[in-house]
Amino acid sequence: MRSEILASAFLGLAVRSIISLYSYSGFDSPPMHGDYEAQRHWQEITVNLAVGEWYTNSSNNDLQYWGLDYPPLTAYHSYLVGRIGASIDPRFVELHKSRGFESKEHKRFMRATVVSADVLIYLPAILLLAYSLDKTFRSDDKLFLFTLVAAYPGQTLIDNGHFQYNNISLGFAAVAIAAILRRRFYAAAFLFTLALNYKQMELYHSLPFFAFLLGECVSQKSFGSFVAQLSRIAAVVLTTFAILWLPWLGSLQAALQVLHRLFPVARGVFEDKVANVWCAVNVVWKLKKHISNDQMALVCIACTLIASLPTNVLLFRRRTNVGFLLALFNTSLAFFLFSFQVHEKTILLAALPALFLLKCWPNEMILFLEVTVFSMLPLLARDELLVPAVVATVAFHLIFKCFDSKSKLSNEYLLKYIEPISHILMISIVVASLTVPAPTKYPDLWPLIISVTSCGHFLLFFLWGNVQQFSSKLS
Amino acid sequence: MKDLFWHLVGIATGLKILLIPAYHSTDFEVHRNWLAITHSLPLNQWYVDATSEWTLDYPPFFAYFEWLLSQVAKYVDPRMLVVDNLNYESKATVYFQRLSVIATDLVYVLGVRSCLGSLGLARDTQQFFAGSMLLLLNVGLLFVDHIHFQYNGLLFGILLLSIGSLIRQRFLWSAFAFAVLLNFKHIFLYMAPAFGVYLLRFYCLEQASVVSAVGAVVKLLVVGLTPFAVSFGPFWKQLPQVLSRLFPFKRGLTHAYWAPNFWALYNAADKVAAGVLKVQDGGASTTSGLVQEVRHSVLPAITPPVTFALTALFMLPILVKLFRSPKKQSPLVFLRAVVLCGCSSFVFGWHVHEKAILMVLLPLCLLSLVNRDDARYAYVLGIAGYFSLFPLLFDADLYIPRYSLYMSYVAMMYGQLYRIFPGFRGFHTLEWLYMLGFLAIPLYEHLLSFLLHLDQRLPFLPLLLTSVYSALGVLYFFGAYYLYALGISWGKVAIASSTSAAAVKRKRKTK
């Protein structure tokens with residue numbers, strides 16, 4: 001059994017390093033390039049400038065050109081990686097001159113940094129979570145869960161292909177979830193704070209953590225122990241924050257500048273086509289014509305909170321392990337569907353709990369995970385990652401089927417009909433988008449169709465998740 | 001357990017497609033050149049043309065196969081079919097050639113299925129699943145075919161079909177398939193003795209009367225020689241020219257990178273002796289990788305006849321054993337004979353390529369499914385054998401893929417063997433120590449050599465280490481497995497483990 005886990009881990013690593021051979025976002029496309037250049041540029045900024053200048057506009061730090069807009073932990077990580085890069089070849093991160101730097105060696109270096117994060121953080125984290133689930137449920141699904149999580153193409157294609165470091169924030173989040181399952185609340189608070197400080201998108205997961213921990217505090221026997229536990233958790237979170245934000249805590253203005261960088265309201269409700277409600281509504285009712293950007297931000301916040309309220313209130317009152325995973329799933333979907341400035345890639349945050357919910361609802365979740373990759377296809381196609389995306393998704397499905405003998409057959413009629421329809425729909429859209437060129441009047445026709453189709457699925461899954469949580473017999 | 005064979009085929013195909021943009025070796029250009037030659041030149045020029053240094057040196061069936069591929073290739077990118085277009089590799093060419101390997105792997109898939117069935121494994125058993133996994137996801141084939149670039153899947157597919165037919169007692173089909181295989185790639189001649197002895201003993205001599213025995217021989221000859229006639233027929237006027245291309249003895253004893261065999265140790269011993277005795281090296285060094293010919297400074301020079309004599313000598317005992325084995329056990333002994341004939345030629349052959357280790361490793365996968373001891377030996381050789389392929393994948397981008405694919409396969413192999421044979425133990429202490437050395441070589445190659453500043457001074461040392469160290473494992477396997485196959489045990493160990501295997505088998509049945 002252990003050797004098979006090892007085999008899966010190395011297979012996951014192999015797939016990641018093979019995807020690394022492909023092209024990346026913004027390859028050979030000046031002047032702005034893409035996420036690869038963004039990450040390289042952050043290394044350039046953090047290595048060459050003083051900490052206080054990282055988030056502020058200056059002659060040495062043009063924020064219009066991939067200004068740093070992730071929290072401090074990302075910045076520190078960029079600094080660390082940048083220093084290593086500089087020791088290999090100083091040209092990688094030379095101030096100003098290194099803009100748009102591309103070479104075979106540099107690609108190898110950058111790819112290696114992502115794979116190192118996979119090896120050091122992501123793969124151990126998901127392995128730990130798979131073991132924790134088995135421990136709390138006294139079951140033996142770790143091989144099944146670990147293999148599928150390691151083989152999930154969404155995260156791999158974005159991190160090792162497109163180029164990002166979601167593996168770090170997702171890895172921290174996974175360990176935090178494992179800590180909750182093992183009732184290690186201080187560790188959970190600490191680790192989740194790390195995740196949040198690597199990527200602010202981890203806010204998608206924050207409400208269930210908050211609800212669960214608050215519920216634990218409230219359920220203490222006496223008021224005294226309630227206060228004690230609450231203050232200890234708060235202390236863990238605040239101390240972690242304080243340490244990470246130390247360089248900017250000198251003045252209120254500096255801290256606000258960082259915050260402002262993290263939540264750029266001015267960038268609009270969405271950029272590219274994305275599979276959420278606003279993008280779908282926009283098809284028939286142009287949002288920008290009717291609502292100002294600031295108003296829109298408020299509408300988004302309100303809708304997101306309303307949509308995520310029921311699941312978190314329930315979690316607060318009934319704190320079960322499955323309930324926690326379901327709440328993470330529902331909340332991150334609510335954020336994805338309704339919040340402001342959503343990117344296609346953030347669906348990975350909903351995919352993380354979904355991967356571990358495969359344990360309870362294998363057939364439902366595998367469909368969801370396939371839709372998540374489908375929803376990112378326009379993005380991946382731009383990076384010339386369409387072939388690996390399709391191939392890896394089919395292989396993912398087949399790997400799932402290899403374990404299928406274990407999973408219970410779903411007797412839900414809903415899924416029985418929806419699954420084949422979804423599959424046929426997705427396959428025909430992919431085939432059609434490759435064979436039928438979009439009309440010149442609507443050049444974004446296919447990405448839009450993909451977005452709307454995925455959005456429909458995500459809405460259905462959002463409802464399904466809530467229904468499951470309220471009627472769950474498992475929890 | 002469900003029949004997951006086609007699932008695994010799908011997963012393997014996916015992995016292969018993912019590998020399309022990976023580095024490919026000059027063999028890619030070799031095969032592109034052959035596409036061009038067969039498409040653009042008349043038949044009588046195929047084995048004459050020398051525009052590219054990579055002249056056609058496979059038998060005619062493979063040339064016809066390339067011609068067939070070129071009929072598709074002309075619709076993909078006709079420029080790859082121009083003979084003078086050396087080193088041409090457009091994106092379309094890469095995709096076409098890579099996909100042609102993946103598509104012809106279908107023959108391999110059929111061969112695997114046929115062989116596993118012929119061993120009497122039901123499709124819903126753990127053995128069938130393990131066999132499918134070990135063969136379909138074979139890391140050696142991934143390395144050699146889908147990264148380095150060759151068509152071994154097709155060739156081993158035909159070999160497995162031939163083995164499958166033979167075990168099913170369809171002797172004429174088996175002989176036919178094997179003859180076809182020889183006309184695709186003549187290196188399989190090294191396995192011919194096993195096939196020949198088996199067919200002679202259990203097909204010809206099993207006949208009831210002398211007349212029918214003679215009839216059987218005639219049938220066998222007709223079936224076996226027809227592929228040769230079809231293949232070489234069109235070239236009968238230039239047969240010497242064709243043969244000189246197929247058997248280029250001008251190449252040296254060892255390949256530029258020493259395959260991990262006896263001669264690698266011999267070369268190494270010569271180097272050491274030359275160093276100790278302070279004998280001047282006569283010209284180019286053997287490890288430089290630039291020369292094909294090896295000149296020994298201290299030890300006697302080796303000529304092709306010596307290697308052939310040694311190869312034949314070492315094949316003999318297992319062939320005798322095969323000839324004398326009872327009919328009931330004959331398939332098992334036959335498979336071992338195939339393995340040991342392949343291994344003899346690998347260990348002692350003239351100008352052996354490291355890839356040829358697949359001729360030993362792949363048939364061993366079959367044996368490892370049915371017998372606990374064979375499984376143990378297969379595992380030992382697997383570790384050393386697949387490791388020895390690393391020098392083929394020297395591109396820096398491939399370091400992580402090659403190690404992780406290897407580790408994944410080796411771990412998976414252990415997991416599957418453990419499931420088939422509960423309590424399966426890979427190695428004993430000495431073997432464990434040897435295996436640890438395989439951690440040291442990458443450690444030296446990627447870390448220590450730079451720390452000690454030896455990477456510039458001794459750039460070929462990692463290759464030498466890989467070759468020599470793997471050679472130790474291969475030779476150990478060769479010796480130990482040979483004795484085991486002949487039924488000569490070193491003590492009670494073999495007997496004890498075989499009885500425990502039988503006990504486990506009984507246990508499984510009662511389950």
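Two residues are in contact if their C-beta atoms, placed from the backbone, lie within 7 Å. The structure is a predicted model, in which local features need pLDDT of at least 70 and side-chain atom pairs count only at pLDDT 80 or more, while totals for chains, interfaces and linings use all residues. Residues are numbered from 1 along each chain as its sequence is written, and chains are lettered from A and ligands numbered from 1 in the order in which they are written.

**Exercise 1. Describe the overall build of chain B.**

Step 1. Chain B has 20 helices and 0 strands, where helices (H or I, at least four residues) and strands (E, at least two) are DSSP runs numbered from the N terminus.

Step 2. Among the contacts in chain B with a separation of 6 or more, 74% join residues 24 or more positions apart.

Step 3. The radius of gyration, taken over C-alpha atoms, is compared with a globule rule of 2.2 Å times the number of residues to the power 0.38. Because a compact globule of 511 residues would have a value near 24 Å, the 23 Å of chain B agrees with the rule.

Step 4. Of these 511 residues, 46% count as buried, that is, 20 or more other C-beta atoms, placed from the backbone, lie within 10 Å of the residue's own.

**Exercise 2. Work out how H8(B) and H10(B) pack.**

Step 1. Helix H8 (residues 171-184) of chain B packs against helix H10 (residues 210-232) of chain B at about 25 degrees, with the axes 9 Å apart; axes are lines fitted to C-alpha atoms, for helices over the stretch in contact, and angles run from 0 to 180 degrees between N-to-C directions.

Step 2. H8(B) is therefore roughly parallel to H10(B), a term used for angles under 35 degrees.

Step 3. The residues that make this contact include B:Phe176 and B:Val180 of H8(B), and B:Val223 and B:Phe228 of H10(B).

**Exercise 3. Find which parts of chain B touch chain A.**

Step 1. On chain B, 25 residues are in contact with 25 residues of chain A.

Step 2. H1 and helix H17 (399-420) of chain B each supply at least two residues of that side of chain B, and the largest share, 11 residues, comes from H17(B).

Step 3. H1(B), which spans residues 5-18, also packs against helix H5 (residues 126-136) of chain B at about 20 degrees, with their axes 10 Å apart. In that pair, B:Phe5, B:Leu8, B:Val9 and B:Ala12 of H1(B) meet B:Ser132, B:Met133 and B:Leu136 of H5(B).

Notes. Buried ≥ 20, exposed ≤ 12 C-beta atoms within 10 Å, placed from the backbone. Parallel < 35°, antiparallel > 145°, perpendicular 65-115°, else oblique.
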